[in-house]
Amino acid sequence: MKQYYSFSATEYLELPEVLEHIGSRGRRVMELASLGAPISPGFIVMNDTLGKITDGSVDVSETFKEPIAKMESVFGKKFNDPENPLLIKVVESPMLNMVNIFSTIHNIGLCEKTAGGFAKFVGEGFAYQEYGNVVQKIIELELLTEGLKADRKKKLTAFQQKLKKQSSKSGVIKTIEQHRSVFPEAIYTDTYAQLDYVIKLFHKLFSANPTSVDSALLIQTMVFGNFGKNSCFGRYTTHDIITGENTIRGEFYEQAFDEREKPGKQIDKIGKEYYRELERIGKELERHFKEIRRVRFTVENGKLWLIDQRPVSDNSTQAEIKTLLDLHRDKVIDDEYLINAIKPGRLAEILHPALDPNSVKRFFSVSGGIAGSVGAAIGRVYFSTDALVKAYRLAAQREEETSFILAMPATFAEDVKAIELAQGVLSSEGGYASHAPVVARSLGKVAMVYPGVQFQKNSMKIGQKTIKEGEYITLNVPYYEEPVLYVGKGSLMKPTPEGSGLLELLDIVQNNIGEFDVHANADQPKEAELALKFKAKGIGLCRTEHMFFDEKRINKFRAMVIADSVGERQKALNELRKWQVEDFYSLFKTMESYPVTIRLLDAPLHEFLPHTAASMDEFVAYLKKSKKSITKAEVQARCDMLNEFNPMLGHRGCRIAISYPEIYNMQVSAIFEAAYKLKKEGKRVVPEIMIPLVMSSSEIKAIRNGKRIEGKAITGVREIEESIRKQYGSGPIEYKVGTMIELPAAALQAARIARYADFFSFGTNDLTQTTNGLSRDDFNNFFSDYTEFDLLEENPFKVLGEQVKELIQLASERGRLTRPDIVLGICGEHGAEPANIPFALDNGLNYVSCSPYGIPIAKLAIAQLLITRKKARAEKKSA
C-alpha cells in the first residue's frame, strides 16, 4: 500500500482493498471524483504514513512534493510561495462514518511569509484574520492531545484567548509576536514545517482516541469565493426541498468566502455556464445517491469547484416523494427501492398541514404529551363546544377568519360538531385512543394530548403562561418527534395529495400489495371520496352514531332517546329514517361496487343527551317548540334515568337492539331502502351490516333472524330485507351480516358466533380495554410509570398487545372452522399502525380499516413488508 493516494476530477481510487483504508471522508471524495465532479485536487495520507512522519522516518517536504506539485499545476499557485500561495486544508478521515471532537484545519500554508501575498487577492483583513485562525486551530488541536504539562496548557490557552480577540493585521501580528516562543519558529515562516507540525499533532490525537486510532488524513486545496472579481461562494439543493420541483434551488454570494459576508442572490441569476454545470452535477449526485443532496461550491477566478455535498435532513415529504418519482421515471430506481425509501409515518405530512418553523421561532412553547393526530393547526382557542360554535358562526357571518382550536380536558360525543369546525383539538386527559384523537383522526384534524394544561374559567394555564379564550395558539404534532404547543399565530404550509406525488406513489404501492388491503373508517361521503382517492377497497367501519350529531338532527334524536312510549319513539324514528336513507344512499353511491360496512348504533344512549346547561336549554326549547308540554326538570329527570356508572360496558351496542328493537329496525330498513333504490338505478352496492358489542351467539342470532316472545318481538335483519325488497319489486341484493369482536367473551365464542356472522371485524380499541382492564381515557395517567420500569414496551392502544393478538388469533381460527370463507378485518385505529401489519397478514386477515388519512400509511407499510418477505424468500431459496 502506498504512503498516499492523490485525487482530482480525473484521478481517483477504485480498488476496494485500498478504499477500506482511506476512511469515510476519503471514500466520499473518491466517490465524487468517480462521478466527474469538479473537486479541488488533493491526496489521502495513510495511517501508517502518519506514524512514520511522527518518528521522523518520512520527511513531509520530500514525500509530499509530488502530490502538492499536482495541486499547484491545477491552480497556478505554489505552496510556500510569498506572492500567490497555495493553501490547503487538513481533515481527519475516520474509518467509521462519524465526526470526532476535532476534524479539520483550514488554510494551512498561511504564515508570515505568505499572508501578504494572499492579502493581495482577498484583502488584508481577511488574510490576516485567517492567519490568526490557523494558529488558533493549531493551539486547539494541541490542547486536545494527551500528556500536556500544566505550564504548556497555560501558555497555549493564554495565546488562544488573546488571538480570539484579534481581527486586524496589526492585532494578529502583535499577538503572535508576544507569544512567538510558544511554537517553533518555522511554524510562522515555513509552510512545510507548519504542515509537518499539524500532521504530528493529528497523529498524537488519533493515537489516544479509540475511534480515531486508525484514521487517515485528507489534504485538499483550498478555494476562495472572494479571490478576485470573477469569484463567488454558493450553495443549492438538487430539488426544491419544499415543493419537490425538479429544479435546483439555492443562493450564491459574489466575492464572498461564505454566506456570512453579504446577502445572496438566487441561484438562477448565476452565469449560464455555471448554472448548467451545477444542474449537471446535481443530476449526477441524485442518480448516484438516489436522493436530494445539498451542495456547496466555490467559483475562484472563473473556475467552478465543488466543496462538498451531503444529504438533506430538512426536506419535506412531498420533496422526497417527487424526487424518488423522478428517479423512478428515469429508471434509476425500481418499485422496490421507491417503496422502501419512504418511512410510512412521513406521509402524514402530506395528508395534514405542516408548520413553517420560522413563523414560531420567538413564541412561548411547551413540548411533550401525546401525538393524537398528526399535522399542524393554528387558531383561536375556545374551551367549550358551545363557545367555539358561536364564535365560528359569528366569524362566518362577518366573513372573518374561521380558524379555531377546541381545548377541553376531554371531549364527548356531543363535541364532535366542534371538532369538525375546528382546525385541531387540545385535551389534557386520555391518550392516543381516547375520544378526541380518534375523532380527529377520522376527520383529518390535528389532536394533541398535553396533561400539563390546567383549565380555568375562560382560560387555560400552562406552567406560568395563561392563555385566554379567543387568543391564538399553534399545535405542531409531527409523526416522529414530540408534539409542541406554541402560544401565538404561526403559519402553515398546506400540501395537498394532488400534485404532491402521493397519488402517483400509491399507484405504484397498489401494484405491490397483493390481496391484503386497506378499507376506510368513514361516516360521510367526503370521507368516502377521500378514501377512494387513496385507493381504499371499501368502508370497513361506518359509525352511524356520528350521523346524529348534526345540529339539525341531534335534538330529534334526543327526543327519541327520552321518549316515554314506543309510539312516541317510533314517530321520532320515522323522521330520522329519512335522513339515514340519505346518508346510506350517499355512501353506497360513492363506494359503488365496494363493500360498505355499517355499524349499527353503538354508543350509549346517554352520550347523545345534553351535557351542558346551554345544550339542555336548547333541547328543552326544541321540545316546547314541538308542542310538548314538558318542563326542564322533567327532561333532566329522564336524562338522569339513562345515566350509567360504567357506560362503556353498559347499555350500548346490540343491547340497545334488545331493549329498543325499533332503533335497529329503523337503521336496517334505511340501509336496505338506500341499497334497493340504487339497485333500481343500475348501481351495484355491497352493504355489510355490523352488529356491535356482541358477547354471545344468541344475541347476533336474534338480531339477524328475529325472535318472538309473548307480547314482544325482535324483527330480524332477514325479515326487514325481504320486506324492503318486496316494496321495490326487485331481485335480492348481495349483503352480509357480521359482528364486531370487541369483547373477550365474543372471541372465545367465535365458533358459535360464526354460525350467524358472515364476517368478523375486530374492534381493537375496545378489545384492548376489555382484555387488559384498561380505560383508554385514563391509561395515560400512569402509562409513563409503566414505561419507566419497562413494564410495557409499547402503548397498547397503538401497538397490539400479546394478549389481544392471542384473542384475535383464537377468534380467527375458531371462526374459520365454522365458516371457512368468513371475512376477517381490524377496524380499530390499530389498523393504520405499521407495527401491527405483520400480525394481521400472518393470521390470515383480509384487511385493516382505518381513517382515510391513515390509508396511505397502512398501504405503504403493507407493501414494504411484502417486498421484504419476498426478498427474504428469494435469498433463502438461492442459499
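1. In this predicted model, the lining of the largest cavity divides into one nonpolar, two polar and five charged residues. The residues concerned are H239, N246, K283, E286, R287, D326, L327 and D330, and the elements that give two or more residues to this lining are α12 (272–289) and α13. Helix α12 supplies the largest share, three residues. The volume of this largest cavity is about 70 Å³, and the count of cavities of 30 Å³ or more comes to two.

2. The second largest cavity, with a volume of about 50 Å³, has a lining of seven nonpolar, three polar and no charged residues. Its lining is made up of A657, Y664, N665, V668, I703, I714, T715, G716, V717 and I720.

3. Helix α13, already named as a contributor to the largest cavity, spans residues 317–329 and includes T317. Is T317 buried or exposed? With a relative accessibility of 0%, T317 counts as buried. A polar atom of the T317 side chain lies 2.9 Å from the backbone oxygen of R346.

4. Turning to open space, the largest pocket has a volume of about 1,300 Å³. Its lining comprises 42 residues, of which K89, H106, R296, I307 and D308 are the closest to the centre of the pocket. Two or more lining residues come from each of α2 (23–34), β3 (88–93), β4 (104–108), α7 (124–144), β5 (216–221), β9 (293–300) and β10 (303–311). By class, the lining of this pocket holds 17 nonpolar, 13 polar and 12 charged residues.

5. Two of the strands that contribute to the pocket lining, β3 and β4, run antiparallel and are joined by three bridges. Within this pairing, V91 stands opposite T104 in β4. Four of the five residues of β4 are buried, and this strand is therefore largely enclosed by the rest of the structure.

6. The strands β9 and β10, which also contribute to the pocket lining, belong to an open sheet of five strands, with the order β8-β7-β6-β9-β10 and antiparallel pairing. The edge strands of this sheet are β8 (265–266) and β10, each of which pairs on one side only. Strand β6 (residues 232–237) and β9 run antiparallel and are joined by six bridges, and F233 stands opposite T298 in β9.

7. How many of the nine residues of helix α18 (residues 435–443) are buried? The number is nine of the nine, so this helix is largely enclosed by the rest of the structure. The buried residues are H435, A436, P437, V438, V439, A440, R441, S442 and L443, a list in which the charged side chain type of R441 may be noted by the reader. After α18 comes G444, which has a positive phi, near 75°.

8. Positive phi values are also found in residues other than glycine, and N458 is one of them, with phi near 60°. N458 is placed in the loop between β18 (453–456) and β19 (459–462). Its relative accessibility is 45%, so N458 counts as partly exposed.

9. K535, which is likewise not a glycine, has a positive phi of about 65°. The residue sits in the loop between α20 (525–533) and β25 (539–543).

Notes. Residues are numbered from 1 along each chain as its sequence is written. This is a predicted model: local features need pLDDT of at least 70, side-chain atom pairs count only at pLDDT 80 or more; totals for chains, interfaces and linings use all residues. Side-chain values use heavy atoms; hydrogens and water are left out. On a 1 Å grid over the protein atoms alone, a cavity is a set of points where a 1.4 Å probe fits but cannot get out, and a pocket is an open set with protein on both sides within 12 Å along at least five of seven lines; lining residues have an atom within 4 Å of a point. Grid points are joined across faces, edges and corners, and a volume is the space filled by probe spheres set on the points. Buried means under 20% relative accessible area, exposed over 50%, partly exposed in between (1.4 Å probe, protein chains only). Two strands pair if DSSP finds at least two bridges between them. A polar contact is a pair of N or O atoms within 3.5 Å; within protein, one must be able to donate a hydrogen and the other to accept it, and residues adjacent in sequence count only if both atoms are side-chain atoms.
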